[in-house]
Amino acid sequence: YGLLRYGVKVRPEVGEQTVTVWLIDWEHPENNDFAVAEEVTVYGVHTKRPDLVLYVNGIALGVLELKRSIVSVSEGIRQSLDSQKKEFIRPFYTTVQLVLAGNDTVGLRYGVIETPEKYWLRWKEAEAPAEVLAAAGDNPLLRELGQLCGKARLLEVIHDFMVFDAGIKKTCRHNQYFGVRAAEKRVRSREGGILWHTQGSGKSLIMVWLAKWIREHVKDARVLILTDRTELDEQIEKVFKGVSESIHRTKSGADLVRVLNASEEWLIGSLIHKFSASEEGDIVEFLTDTQGHLPKGFHAKGEIFVFVDECHRTQSGKLHDAMKAILPGAMLIAFTGTPLLKSDKRRSIETFGPYIHTYKYDEAVRDGVVLDLRYEARDIDQSITSPAKVDQWFELKTKGLTDVARAQL
């Protein structure tokens with residue numbers, strides 16, 4: 001992947017400077033040679049014939065297994081996983097970035113190499129290019145292939161949305177893709193706001209992809225990630241380290257000011273509750289400690305972007321106001337995955353700005369409260385609450401039953 005993404009370094013002659021040979025023209029998709037081959041015979045320990053192979057400049061970047069409408073897509077997924085085993089044609093998948101399977105009934109499923117079956121994804125997009133819709137009609141497989149594997153989109157996903165999380169290769173879900181792209185537009189116009197995606201929708205990887213994009217496209221960019229729980233702070237550090245990005249976790253207000261006042265660290269993490277005796281974030285203590293160490297004439301180095309994680313817990317506005325005072329040129333982007341009561345929603349928007357992107361599943365709502373959500377690509381057994389159960393839940397709540405009893409319901 002590194003050779004595809006960053007090019008191949010070669011030395012034309014002994015003693016000469018190395019030059020980069022680009023295997024793919026990422027900036028101009030139309031300059032590449034795209035081809036599709038059917039039933040490609042691949043010789044290995046045991047020969048395999050993938051149904052379709054997607055080539056760019058002669059490099060196999062995608063493999064698609066097709067099934068008849070009456071055959072489960074799971075068959076195609078298992079077929080793909082078998083082909084990747086050393087007993088079959090594992091070396092062929094060295095360059096493959098997307099593995100796909102589908103049929104005309106349920107549409108397309110996709111993943112990356114060695115993705116377990118339960119984590120294969122479905123691309124969901126309300127709109128598609130007119131030519132795709134005209135060709136696909138009511139066929140979900142053709143529509144989703146046109147959306148995910150159009151020439152520009154295919155290269156875009158491979159270039160900007162692949163990651164090795166602690167060695168495990170991952171790509172984006174549709175909500176992550178559209179969330180990052182929406183945030184990029186706001187970065188260009190320097191407008192803050194809120195990314196509201198459900199719990200389990202991969203907000204940590206959204207931060208990774210957005211932070212890396214900012215670093216590549218904004219001169220002297222620096223990203224500060226604020227959290228209010230040790231668990232979140234450690235999780236974010238683990239994710240960034242897993243993609244070979246070092247993050248400096250501050251130890252105190254003085255340390256945060258020191259790092260901001262220098263220019264060595266481009267990625268900084270700060271845990272609010274380190275500045276107080278409370279396990280949950282004490283924003284006042286955090287701000288008092290930080291502001292108390294500001295030197296005269298302090299001005300943070302670089303173009304600062306602040307990611308505020310779990311922003312629903314910091315929506316009083318104090319954190320926002322203080323960050324604007326300490327970092328007057330900074331752009332603040334808030335992240336939350338916890339369903340916002342109506343009053344919380346209003347306060348969050350007043351504090352951080354309008355939604356950059358929202359993403360939630362079908363939901364059962366009563367009195368402005370989201371009771372439970374259905375997750376995707378997660379090994380969690382949940383279902384949508386029926387209206388009858390919603391009524392029963394509220395009835396039991398009014399009787400004062402314990403949280404455990406209500407959870408069992």
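**View 1. Phe307 and its contacts in the predicted model**. Leaving aside neighbours within four places in sequence, Phe307 is in contact (heavy atoms within 4.5 Å) with Met207, Leu210, Ala211, Ile214, Val223, Leu224, Ile225, Leu226, Ile333 and Phe335. This is a predicted model, in which local features need pLDDT of at least 70 and side-chain atom pairs count only at pLDDT 80 or more, while totals for chains, interfaces and linings use all residues. Residues are numbered from 1 along each chain as its sequence is written, and side-chain values use heavy atoms, with hydrogens and water left out.

**View 2. The largest nonpolar core**. A nonpolar core is a set of buried Ala, Val, Leu, Ile, Met, Phe, Trp, Tyr and Cys residues joined through side-chain atoms within 4.5 Å, where buried means under 20% relative accessible area with a 1.4 Å probe and protein chains only. The largest one has 60 residues, and those with the most contacts inside it are Ile214, Ile225, Phe305, Phe307 and Ile333. Helix α7 (residues 203-217), a DSSP run of H or I with at least four residues, gives the most to this core, with nine residues. Apart from it lies another core, of 26 residues, among them Leu226, Leu256, Leu287 and Ala300.

**View 3. Val223 in strand β11**. Strand β11, a DSSP run of E with at least two residues, spans residues 221-227 and includes Val223, which counts as buried because its relative accessibility is 1%. Beyond the neighbours within four places in sequence, Val223 is in contact with Ala211, Trp266, Leu267, Ile268, Phe305 and Phe307. Val223 and Glu265, although 42 residues apart in sequence, are 9.2 Å apart in space, C-alpha to C-alpha.

How values were computed:
Buried means under 20% relative accessible area, exposed over 50%, partly exposed in between (1.4 Å probe, protein chains only).
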